[in-house]
Amino acid sequence: MDKFGKVLRVNLTTGTIGIESLCEKTMKEFIGGRGYATKVLYDEVPAGTDPLSPQNKLIFANGPLTGKGAPSAGRYMVVTKSPLTGCIASSNSGGFWGAELARAGWFMVILEGKAPKPTYLWINDDKVELRNADAVWGKDSHASTDALLDDVGDSKAKVTCIGPAGERLSKLAAIMNDKNRAAGRSGVGAVMGSKNLKAVVVKGSARPYVENQDEMKAVLAGAMEKLKTNPVTSQGLPTYGTAVLVNIINQLGGYPKNNWQGAYFPEADTQSGETLAKDFLTKRYSCFGCPIGCGRVTRVGDREGEGPEYETIFAFGVCCGVERLEPIIEANYLCNEYGLDTISAGVTIAAAMELYEKGFIRKEELEGGPELRFGNEEAITYWTKKMGLVEGLGRKLAEGSYRLCEMYGHPEFSMTVKKQEMPAYDGRAIQGIGLNYATSNRGGCHVRGYTISPEVLGLPEKLDPVDISTKPTWVMIFQNLTAAIDASGMCLFTSFALGADDYAAFLKAATGLDFDGAAVLQAGDRIWNIERMFNLREGLDPTNADTLPDRLLKEPIPDGPSKGMVSRLPEMLPEYYKARGWDVKGLPTDTKLRELALK
Amino acid sequence: MIKVLFFATIRDYTREKETVAEGSGTVGDLLLELSDRYGGEFRDEAFDGDTISDRVIVLVNGRHIAHTGGGETRLSEGDTVAVFPIIGGG
Ligand code: SF4
């Protein structure tokens, strides 16, 4: 199995570096990336571990396709126990770092313990060393990346690192690779900071091994044809990026405004993908081997940077009541530099705005900073900086929306699931996505089961967003397929054009293992269930965890096209448990676990 | 009157972001009226023969017409119709 890459295990406390082999059975059952790493975490990190203690482990994991010939297959996952949610964290990122790790001959890096002082890991093919990071500690992700490339003396090496937010243990901290790509969610950057680990720098020189090159070429030809002829992957995403969604989600009345106090924003076109492309886009960005190229390189004033994605526009824009793109883009650049998750950062500022407007955060606490009022452009950039530096009121914001609102005695203003901020679609207007948020293993998240595709975009079928009858099954299937794609190393966005059989064909060609569409979906189901078992072992109580904020369950949308709607989660949840083969309390049954060989 | 909004690449054909139309009949009638106004490219995108094509997403007051009767969906005074190409994101 070593031909597919080896496992690097680094104990940061002792400085011990170990090399292990991959297990074929685990690869067959869990594929790689999100799946394989979760299996390792489940086996090695006992229940009750403090996420920011040396006992937690931080795993960087490629999929079997990362860095190989498949399209959009440059992705890696960061898996750990989350300091934000206390549940499983698995954050996915693109760019070039994962592919470089594969070129260096590694499949996975397991980081344990805590370095005695700021440290970075330098992987140069099979030469691995821990180095002093004093000179870059305190620097932002861009300056750190430049300085580390200088330090290793190879400008072509790839860097994944944390910024000040991760060093200062913000629960919203991301891990940034290639400067602007983020393993963003669930506070994975804080786990890295807690280990005194500033960065992992990697340089590889080998071509990653593919078991059957001819088969790979044939599968690639078929998949490329689908990607080139699919309107989403060939036109929509390349032309407008993910921000193309602003207008359609708003027109449907599901664009959460002012911390979910509304769901329709008449000014939405000002911050749409169309406006972004017309006024700010300088060029597209493609991750490793990606024919789609949904990334945006933008310019505002004399600053050039990457972003924003749809989610970021929502979080700093409509959710904070801000209309124009300039401050939203600026806030996005700041998040990239400080190493913050844009969704959680924006939604936390929105919660702070509600707390301030309702008189719970007092003016003195702002220490002269801009008022936390919905629509205040200055506030989103100023408070992002404070949050990134974890100073002043930013110290409270850096804890995330749930803890912030709880500190002020009003957790009901926190728009979170399992303490993680919800993304850009209102679960009252679009029922399936609400069920997906409520059941997501990593808390509020759209890319665990992206039912927006059938519910809004009509792909692969047109489902009525307000109907709930088939949603439990659709949510489950999307969650399982996504888990498998995340485990493979390919980008989820390929799934607008490709299906389970395509991913299976790539995996079979790359590994020689006997994958087919059913096996891929079953691996996804297995990954979902082991994540669930991890959470349950940590004490997750489904009764109060598999839910949505009361606002979505009880406060009807006040205006716009979805006026009057609330989430019908209580009707969908029992059906979802049944579809998953779980009992009425949401616990996987023995039969289910045996079917998945998890027992 | 019916308010009609255009988005993304549909704007390349209409060269405007919105318009108003009589549209007192069905969505199909409205799209025909708009095809006359904006010409062949718009028509080619909006229709496959006589049927509304799968390359456009049409919402009436926020509801996808697939769930309200397709091209036969009846329009009323004051309705808002939004026309999108097939798009996706995340
Ligand atoms: S589709 Fe976008 S996010 Fe996915 S690999 Fe390509 S450029 Fe990166």
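Visitor: Okay, which residues do ring pairs link into a cluster?
Guide: Y255(A), Y310(A), Y425(A), Y450(A), F493(A) and F496(A) are joined into a cluster by ring pairs. Keep in mind that this is a predicted model.

Visitor: And how many aromatic pairs turn up over all chains?
Guide: Searching the whole structure gives 23 aromatic pairs. One of the stacked ones is F60(A) with Y76(A): the ring centres are 6.1 Å apart and the planes meet at 25°.

Visitor: Why does the pair F60(A) and Y76(A) count as stacked?
Guide: The planes are at 25°, and planes under 30 degrees apart count as stacked.

Visitor: Where do those two sit in chain A?
Guide: F60(A) belongs to strand β3 (residues 58-62) and Y76(A) to strand β4 (residues 76-81), so the pair links distant parts of the chain, 16 residues apart.

Visitor: Are F60(A) and Y76(A) buried or exposed?
Guide: Both F60(A) and Y76(A) are buried.

Visitor: What about chain B, how do the rings of F7(B) and F84(B) lie?
Guide: Their centres are 4.5 Å apart and their planes are at 10°, so F7(B) and F84(B) are stacked. F7(B) is in the loop between β1 (2-6) and α1 (10-14) of chain B, while F84(B) is in strand β7 (residues 80-85), 77 residues apart. F7(B) and F84(B) are both buried.

Visitor: Switching topic: which residues touch the most other members of the largest nonpolar core?
Guide: That core has 165 residues, and M108(A), I248(A), Y255(A), L372(A) and Y425(A) touch the most other members. Helix α13 (residues 342-357) of chain A gives the most to this core, 10 residues. Another core, of 27 residues, lies apart from it and includes L8(A), L12(A), L121(A) and I175(A). Y255(A) and Y425(A) also belong to the ring cluster we began with.

Visitor: Last one: where does E575(A) lie?
Guide: In helix α24 (residues 569-580) of chain A. The C-alpha atoms of E575(A) and P472(A) are separated by 6.0 Å, although the two are 103 residues apart along the chain.

Visitor: And why is E575(A) called partly exposed?
Guide: Its relative accessible area is 40%, and partly exposed covers values between under 20% for buried and over 50% for exposed.

Technical notes. Residues are numbered from 1 along each chain as its sequence is written. Chains are lettered from A and ligands numbered from 1 in the order in which they are written. This is a predicted model: local features need pLDDT of at least 70, side-chain atom pairs count only at pLDDT 80 or more; totals for chains, interfaces and linings use all residues. Side-chain values use heavy atoms; hydrogens and water are left out. Helices (H or I, at least four residues) and strands (E, at least two) are DSSP runs, numbered from the N terminus. Buried means under 20% relative accessible area, exposed over 50%, partly exposed in between (1.4 Å probe, protein chains only). A nonpolar core is a set of buried Ala, Val, Leu, Ile, Met, Phe, Trp, Tyr and Cys residues joined through side-chain atoms within 4.5 Å. Rings of Phe, Tyr and Trp (its six-membered ring) pair if their centres lie within 6.5 Å; planes under 30 degrees apart count as stacked, over 60 as edge-to-face and the rest as tilted.
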